[in-house]
Amino acid sequence: MTEKRPIISAGGRGQGAPDARRTLPMPVRYAINAVLVLVILVVGELMIDGGAITRYQSTVLEQVGIYIILAVSLNIATGYLGQLPLGHAGFMSVGAYGCSIFVIHMSEALGVGARDFVTGTPVTAALVLGGLIVGGICAAVAGLIIGIPALRLKGDYLAIITLAFAEIIRVVMLNIDGVLGIELTGGAAGLTGIPSYSSFLLVFGCVALVCFLTHTMMKSRHGRAILAIRDNEIAAEATGVNTTYYKTLAFVVSAFFAGVAGGLYAGCIGVLQPAYFGFMKSIEILVMVVLGGMGSMLGSALSATVLTILPEALRAFSEYRMIAYAVVLILVMIFRPQGLLGSYDFSLSRVIERVMNRDFPWTRRAARADAGKEVGDDGR
Amino acid sequence: MDMFLSQMLNGLQLGSIYALVALGYTMVYGIILLLNFAHGDIIMVGAYVSWLVMAQLGLSPVVAVLLSVAACTLVGVLIDKVAYAPLRNAPRLSILITAIGVSYFLENGAQLVFGADAKRVPAFTDLQTIQLGGLSLSFPAVATVLVTIVATVALTLLVQKSKLGKAMRAVSEDMGAARLMGINVNSTISFTFAVGSALAGIGAVLYAMAYTQASPTMGMMLGTKAFVAAVLGGIGSIPGAVVGGLIVGFAEMVVTALGLSVWKDAVVFLLLIIVLVVRPTGIFGRTMSEKV
Amino acid sequence: MCENVSRRQFLQASALAMAGLGLAGCGNGGTEGGDATEIKVGILGPHTGDNSSYGLACKNGAQLYFDQLNADGGINGKQVTTFVYDDKGDATEAVNAYNSLVQNDGVTAIVGAVLTVPSIAVAKASVADNMPCVTPSATAADVVTFGDNTFRTCVTDPVQGVVMADFAAEQGYKNVATLYKTGDDYNEGVNAAFCEEAEAKGITITSQQSYSDGDVDFNTQLTAIIATNPDAILLPNYYQEDGMIVTQARQQGYDKVFLGVDGWSGIYGGPENYADAADLHDCYYCCAFSVSNETEVSKAFTEDYQEAYGEAPTNFCALGYDAAMTVAAGLTAAEEAGLEAGSEDYKQAVIDGIASATVEGVTGTISYDGTGDPVKSSLILTFAEDGSEKTFDIIEA
């Protein structure tokens, strides 16, 4: 997978001296992206306020955001770490329950009504943020508890043990009330008193934050250690990477973000039921990651978007949706195991730098043709 | 005392079905190190074939048994040829994801074709209850236990004594070396899938006899539990699968009999986690060191 | 090389898809409000997936009523147009479908959802809009508690439990055991109410056993139950599991009584028989509707349904039909008041109309006494020797 990267940048490197290449300084890169994110958030919010986006569309958009977080977080464990956890929905449910139980009980204690969450006050904002963090931490703790025994195992065993843990989480959520003797998760009847606190702004703010944190982690030395484990665990260990630590780290971070997504989900739908977070949900998230390209954040985000909106647009075909997922999963594995985007990730700064250097696909092609290298059409 | 004996039989019946399914897992895993997620769903196919033959076509139970086993065998081999064979040299993760895809495909395909509602498989025999001393034993329970014993013995003989069994053991030991020794690796793998799936077919018939229903998702939990059984016993080992199946069956029975059936699944999975952490190779498993 | 291409193609394709979706989204926005010649009603339920049989039955029943209403000239001269949405039994899908019904289609009332949790999600979402919703079949107590705009046409879990406990006491059963599914609000709701009422009536509950979703082996629980020698066993679940339990219990030699609730409807004589007729002796369950209950309304409904769909109606079909009738009663009140469709007053008038209506439904007379729960009668059904349903008794509310 990695050796295919040069295709993207080969053109730039192949011609001219390296020092002739103009680059953007890091602060500028971050600033450009931050401004873009802000613009998208503000424009989206204005469109919702102005009524250009109906509530139906904004609810679907919120779900898109939630699935993006789920896919991006699973991608950390699957694409970057190279393991196959089958219990991602379990982490999501821990986060969802943790967050909503926190919000419900704290708002009771503080005397905040459900209506206040719709209008939004500083107290509710603090409650929601606190709840999301609590949800994330609960999920991270679950990830840690699962990760320590699970990560001693490899491949299939890890897959099955995470599946088992997710099932245990589901059973616990169903029956914990009876054991503790207090009303906590609402059991089978579901947890119903959740205020609807999720909004476009909150969800996509979280999406931006999750993507940013994931990106920076993967570009740091911790990220490189995680990638090294994926590529060859024994070699990584031999070069001094603490594999247990980094495997657990990736696992816990992945679980944390899934928990945040769970919290957002609770606030979006307003009712939680353990059965929702079953094996099927884990598979749905996995399909997004596999289809998008294991190891590509853009791929995960794109396929999460498409796979959430498409069923809404194609309600008439909903009967065939699940079977289509299965066929896609098999075909992608046989014909394009690295997923649609492989490990490619989009970088705006890189594009801008190319433009600054006048390094366009057509100029590259011309340059290559000049050099007499018969590489073939770039678009083929 | 009567109740104790009846409960033992209940545990034995449940454990026997898990054991039969676990044998299929163990054989496939033993030879190509693939966790065949679709194995449970092959049982679902078998149960639907039983239903089709008896309820829809009105044929005799004997035909139903034969066709169910044949259909399972065919589906098992077909899955291997279509989905797994192209990935023989791919990373383990890819094959595992494919297996999940196949399982998902079978479940949703069955739902599309037969509908989400369960289908009722007619009784295979009029004999429902056997009176033995003061005990009334359910016939499906007795049949399940007996068939499982016969199947396990036959399978052991096949693997240990026959030429094909020798080839299977050789391929699972070292695929490359087996090929050099003149063993047709691909047909050996296909044969393994056929045997494993035929066992699933027998399991399907026994399942349909005891629980009388076929539903699209019936294979999922059954398959997962049977996999737990295979891992408990030590994956790749035939006696391990049987012992693992019985352990899971009895564990479920005991938890349920104690009135804690809510925690049944949790206990089974907890058992798996404990075994994996304490002794990852299972009870009868061999340790394999990874080559660098 | 080729990876590059397909990635680019993929990006192009998805960009096109996005643009298309965006356009489609813009296209169907802003249709809220009424058309002068039609009344828009939404029908919501699981039409695919595990519980599709209930959703489809409710949908067919409701659609049949609106078709008949339209053939008779509609409400106030206006035809009723239905918008049917599939929620797949999933809360998320239900909320999306609800929002789409209200915002893209501009409906004025909704029949649905069918299952409890999606119904709760819809009920919560609909409070803000004050959108009248009538669920045919969500039995959990919570469903109608979020606002005054939600109603149901079925009786709740606890009511059914009490009806069966009273029935058991009447039949003179002294010892009763229960076997229910945990992790299921319907089972647990019925079981709790049954046990409480039964003990109040002097019946001993000898054993309460449970099982989990997806279980097919009930032998262990049954062995434990039969050892306590009960006169009757309560099975408060749907027909698929109930059928398996009855079969396994008869295999173990239990030949006494089974009690059930409306989930039993369809255990025999539907598309599938979930137990042998010979095993269904001494089984009693309460239900809202049966083809064997030969009142005039229910006979007419059975014939019409048979003609429209080519199969006999089930309990859910009848409940869907009655839910549609209840919605229509509310709509009639609002139309007669001459209000503008889609306005807040109109919605409130529909809600008030439902709350004060007395509907002569096929599942009995339905009226509301200030809550969203109906006051209505129940049937006690049993099975004839050939497995067909027989009405054993009618319990008035």
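Colleague: What covers the buried residues of α11(B)?

Modeller: This is a predicted model, and in it the cover of the buried residues of α11(B) comes from two chains. It includes α7 (155-180) of chain A, together with α9 (218-233) and α10 (238-257) of chain B.

Colleague: Which residues of α11(B) are the buried ones?

Modeller: A residue is called buried here if 20 or more other C-beta atoms lie within 10 Å of its own. In α11(B) that applies to K264(B), D265(B), A266(B), V268(B), F269(B), L272(B), V275(B) and L276(B). As for its span, α11(B) has 15 residues and reaches 21 Å from its first C-alpha to its last, close to the 21 Å expected at 1.5 Å a residue.

Colleague: Is helix α2 of chain B enclosed or open, and why?

Modeller: Of the 18 residues of α2(B), 15 are buried, so the helix is largely enclosed by the rest of the structure. Helix α2(B) covers residues 39-56 and reaches 25 Å from its first C-alpha to its last, close to the 26 Å expected at 1.5 Å a residue. After α2(B) comes G58(B), whose phi is positive, near 70°.

Colleague: Let us turn to chain C. Which domains does the assignment give?

Modeller: The assignment gives domain 1 (7-154 + 296-376) and domain 2 (157-287) of chain C. Their C-alpha centres lie 32 Å apart. Between them, 6 residues of domain 1 of chain C are in contact with 10 residues of domain 2 of chain C. The domain 1 side of this contact has 2 nonpolar, 4 polar and no charged residues.

Colleague: How is a strand to be read, and which strands pair with β1(C)?

Modeller: In a regular strand the side chains alternate between the two faces of the sheet. Strand β1(C), residues 38-45, is mostly covered, with 7 of its 8 residues buried. One partner is strand β2 (residues 79-86) of chain C, paired with β1(C) in the parallel sense over 8 bridges; there, I39(C) has V80(C) as its bridge partner. Another is strand β3 (residues 109-111) of chain C, which runs parallel to β1(C) and is joined to it by 3 bridges. In β3(C), A109(C) is the bridge partner of V41(C).

Colleague: Which helix makes a β-α-β unit with β1(C) and β2(C)?

Modeller: That helix is α2 (residues 52-71) of chain C, and the unit is right-handed.

Colleague: What is the strand order in the open sheet of 3 strands in chain C?

Modeller: The order is β11-β12-β13, with antiparallel pairing. Strands β11 (358-361) and β13 (374-375) of chain C stand at the edges with a single partner strand each, so one side of each is left without a neighbour in the sheet. Strand β11(C) is joined by 4 bridges to strand β12 (residues 364-368) of chain C, and the two run antiparallel. Within this pair, V359(C) stands opposite I366(C).

Key:
Residues numbered from 1 in each chain as written. Chains lettered and ligands numbered in written order. Predicted model: local features only at pLDDT ≥ 70, side-chain atom pairs only at ≥ 80, totals over all residues. Domains from an automatic or database assignment. Contact = placed C-beta atoms within 7 Å. Nonpolar A, V, L, I, M, F, W, Y, C, P; charged D, E, K, R; others polar. Buried ≥ 20, exposed ≤ 12 C-beta atoms within 10 Å, placed from the backbone. Pairing = 2+ DSSP bridges. Right-handed = clockwise from strand over helix to strand, strands pointing away. Expected span 1.5 Å × (residues − 1).
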